[in-house]
Every structure is written in structure tokens, then in C-alpha cells.
Amino acid sequence: MDREKLEPGAPLREIPAAAIEALHYDTCKACNGSKVFRSYTGRVVGSCFKCKGEGKIGYKQSPEKRAAARNAKANKKQVQIEAWKAAHEEEFAWLTAAIARGFQIASNLMIDLSKFGDLTEGKVALIRRFMAEDIARAEAKVKSIETAKVIDLGKIMTAFDNAAANQVKAPMLRLDRYRFAYKPDKGVIYIRLADKEVEAYFGRIEGGKFFKSRECTPEHEEAILTAAADPHAAAIAYGRREGACSVCGRGLTNHASIDDGIGPICAGRMGW
């Protein structure tokens, strides 16, 4: 049967009273039954948009049936999620691990999985790309450990230990062209270019090995290893060339200090 066509501007047909009485009413959650809409200041600005000023909303089904329908929908979605997890065990394991380490994109993907019951092929491909990148980084880390050169830390660690014993909070040495910054809490020495105006990171010394960065050329690597093996000689070379203390970086004015490449106070702190 065709629906009755209404002329523009014609009034809508009223809903029969019997149909209205058959509805199941719930208190409007938007206005909490007050029938009005309030601004953020609490001022009444008109009738509630959700319930049209009625304070209640009518449904064809009872609250029990609607709750049962919602539960059935939720159960269906959970079954869908479990099926996706079974078909993508490695991807789901990566999601869980990535979320644990604070990766926001993984958290967003997990939200999508909970919301839709599965993930699109594009999102699965994205996860697999991240997985491949993680594997590549892990392999590169293993390779860097295997290829890292063993370094003699005896002299430089003695200097840093002396500085720590003398209450130097952030021990640092300017050796040759580089800054050796020691982090006692991590047991790591970070190496950068001595010129602060040029940001260049060359690697770190950890566990008796030098892990060079991509910027560290063979020439830089050789110079760093040489400086670390004999820090006192490298400190003198820096001080004489720059005219500044190799520990604190301040300018040297005393001829004896310039020859030593280090100020007398800093020298005492480093045990030189």
C-alpha cells in the first residue's frame, strides 16, 4: 500500500492515542526529566531538544527487551573480536606489547578493534609494517652490540669518579673536538661535538663498548677512542687549542693553566 503523500505545508497526522499509550517511557537522560535545556552556567535557555520538552522518551520495546538487544549486540561483537584475534594472533600480540610501551597509534587501533569488532586490511597492513620495523630495529641493535668496539675506560672513568666524589653533579670533559658527558645514574657516557652551536651526536660508551651513531665517521670514531683512552692528554690538547678549560669550558687567562689545558680547581676535581 502506497503511503499517503502530504502537500507542502500540510499538518502532520497525529499519532493515535492508543499508539502513544503503548509506548514504554524512560526519563530523558539529557534533561533528567526537567524538560528544559540549561546552559553551562545553569541558565534555562529553552525546552530540552532530546525529549522536546516532555521530560521523557517513548520506546516501542520495554527496557528489558532493549537491554537484551544491547547485550546480544555486545556478545555478537565480542565473538567477532575473538575471531579476529584468532586469525591475527601475531598482530594482536604486537598491539598489546606496543600499548604497554605507550605507543599511541597502537592504542587507537585497539580502540577501533573494540568499536568495530575487527580491523580493515589497511590497518592490518599498518600493524605489519610496524612489526617489520620493530624486527629491523632489534636486528640492528644486536648487530651494533656485536660490532661495537671495546674501549679502555680505566683513565676516563677514574676522572669521572673523582669528579663525582668531589660533588660534581654533571661530570663533563671536552676532549679533542668532543664533549664526553657522564650520566652516573645510567652508567653511560654520551659523546657530542664540543661546539654547542653545532648539534652532532656521535654515540655513547656503555658497558665498556663504544656504540657509534650514524653521524660518526671512521675518522671521528678513531679520534673518540684515542681521546677516551688518554683523557688527560686530550684535555690538554683541547685547552691549548681553544684557550678554555676542558672541564668547565671557561676561558683560561693564566699561562700555566693554558699550558695545562685546564684550570687548577677543575684539575683538582678530576684528580689531575
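Reader: Is F130 buried or exposed?

Author: F130 is buried, because its relative accessible area is 9%. Buried means under 20%, exposed over 50%, partly exposed in between (1.4 Å probe, protein chains only). F103 is partly exposed, at 24%. This is a predicted model: local features need pLDDT of at least 70, side-chain atom pairs pLDDT 80 or more, while totals for chains, interfaces and linings use all residues. Residues are numbered from 1 along each chain as its sequence is written, and side-chain values use heavy atoms, without hydrogens and water.

Reader: How do I read an aromatic pair?

Author: A pair of rings is described by the distance of the centres and the angle of the planes. Rings of Phe, Tyr and Trp (its six-membered ring) pair if their centres lie within 6.5 Å; planes under 30 degrees apart are stacked, over 60 edge-to-face, the rest tilted. The whole structure holds six aromatic pairs. In one of them, F103 and F130 are edge-to-face, at 5.2 Å centre to centre and 85° between the planes. F103 lies in the loop between α3 and α4, F130 in helix α5 (residues 121–147), 27 residues apart. Helices (H or I, at least four residues) and strands (E, at least two) are DSSP runs, numbered from the N terminus.

Reader: Which residues form one aromatic cluster?

Author: W94, F103 and F130.

Reader: What is the geometry of Y178 and F202?

Author: Their centres are 5.6 Å apart and the planes at 90°, so the pair is edge-to-face. Y178 sits in strand β7 (residues 178–183), F202 in strand β9 (residues 201–206). Both Y178 and F202 are buried.
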